[in-house]
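Keep the sequence and the model side by side while reading.

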Amino acid sequence: MPPGLQQPLARLRAAHQARARSGTFDTEIPGVRVFWTDASAARTPMIYEPGIVIIAGGHKTVYLGRTRFGYDPNHYLIVSVPLPLECETHASPSDPLLGLFVAIDWTLLHELVALVCGGLAPQRPQAAGLPRGLAPVALDAEMIATTGRLLHALDSPLESQVLGRALVRELHYRALLGPHGPALCALTQHQDADARIARALARIHRDYASALSVESLAAEAHMGASTFHRAFKQVTGETPLRYLKRIRLDRARALIAAQGVRASVAATRVGYQSASQFSREFKRHFRVSPAEVRHATASVAGPVPDDSRP
């Protein structure tokens, strides 16, 4: 990664470091966040939201089922749909993980697709074993230059306000011109299979606590159940039911960690009918029990509430 990106990211890190040793922080530009850590982290399940991720130090290893890949200062990552992944962070005080996350702005993307995608080839190149919703891309000179200008603007609240949206638009444009551009274009075409799956994903994220079935999701997508199942896995790398389960577990962990609720309460709120099944699946997925997460929260924030309400 050129020093031109490392230095402004380091300045942004310093500006927020008084608040916390590590973490993710909003900037003056909506949808743009800075993140850093100086400690490695073991393989951990998490949900990657749609966005463009660029790092200037350290590196990450991402797992999707049996597929493993890394991204580092020479590559940026495009996540075009929400994906449940497992992530391993490699960082140290001498080589901290330092990066930038830019959420995909769907309004900007639709505007750009109308201008750009008519000339793009229909092929959707992707790394072997990876779904269409995920792509590590080599960082080229144009993307480096655009990112550098965005980071420079973040040094000034006034420049962030005046230039921020235009620079975010330019970053989306550069992503559309890259090898993952056709997949991004497909998401804006309402009758394309990828766009239909994106709408199904939005439904899952909105109504994960409801009784959702593959048949009902397929019907809403105007696809047969088997066609929907196949297309869903091509985009996300997961079957629909496994994806739904991972979203429910992730939301439950957030409830337990943020609010200190009991496992039975979290299970009910995210749509589980059986608290014992929830606890088994939670521990299998996160490698810790709901009680361990709750007690870890209590040790940091003080006693947790005795919340027995659903």
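In this predicted model, F278 has a relative accessible area of 0% and is therefore buried.

A pair of aromatic rings is described by the distance of the centres and the angle of the planes. For Y272 and F278 the centres are 5.3 Å apart and the planes stand at 70 degrees, an edge-to-face arrangement. F278 and F282 form a tilted pair, with 5.6 Å from centre to centre and 55 degrees between the planes. F278 and F282 are separated by about one helical turn because they lie four residues apart in helix α11. Ring pairs join Y272, F278, F282 and F286 into a cluster. The count of aromatic pairs in the model comes to six.

Just after α10, G271 adopts a positive phi of about 105 degrees.

F278 also has a place in the largest nonpolar core, which has 52 residues. Which of them touch the most other members? They are Y48, Y71, L77, I197, I204, F228 and F278. Helix α9 gives the most to this core, with seven residues. A second, separate core of 37 residues includes L139, A153, A175 and L176. In soluble globular proteins, nonpolar side chains tend to be buried together.

F228 shows what such a position involves in terms of contacts. With neighbours within four places in sequence left aside, F228 is in contact with I197, A200, V214, L217, A218, A221, M223 and P240. Among these partners, I197 is also one of the core residues that touch the most other members.

The next subject is empty space. Rolling a probe the size of a water molecule over the atoms shows where empty space is left. The largest pocket has a volume of about 750 Å³. Of the 23 residues that line this pocket, T24, M46, I47, Y48 and K60 are the closest to its centre. Two or more lining residues come from each of β1 (23–26), β2 (32–37), β3 (41–48), β8 (83–90), β9 (97–103) and α9. The largest share, six residues, comes from β3. By class, the lining has twelve nonpolar, six polar and five charged residues.

Finally, the chain as a whole. It contains twelve helices and ten strands. How many of its 310 residues count as buried? The share is 49%. Of the contacts in the chain with a separation of 6 or more, 72% are between residues 24 or more positions apart.

Technical notes:
Residues are numbered from 1 along each chain as its sequence is written. This is a predicted model: local features need pLDDT of at least 70, side-chain atom pairs count only at pLDDT 80 or more; totals for chains, interfaces and linings use all residues. Side-chain values use heavy atoms; hydrogens and water are left out. A nonpolar core is a set of buried Ala, Val, Leu, Ile, Met, Phe, Trp, Tyr and Cys residues joined through side-chain atoms within 4.5 Å. Buried means under 20% relative accessible area, exposed over 50%, partly exposed in between (1.4 Å probe, protein chains only). Contact means heavy atoms within 4.5 Å. On a 1 Å grid over the protein atoms alone, a cavity is a set of points where a 1.4 Å probe fits but cannot get out, and a pocket is an open set with protein on both sides within 12 Å along at least five of seven lines; lining residues have an atom within 4 Å of a point. Grid points are joined across faces, edges and corners, and a volume is the space filled by probe spheres set on the points. Ala, Val, Leu, Ile, Met, Phe, Trp, Tyr, Cys and Pro count as nonpolar, Asp, Glu, Lys and Arg as charged, and the others, Gly among them, as polar. Rings of Phe, Tyr and Trp (its six-membered ring) pair if their centres lie within 6.5 Å; planes under 30 degrees apart count as stacked, over 60 as edge-to-face and the rest as tilted.
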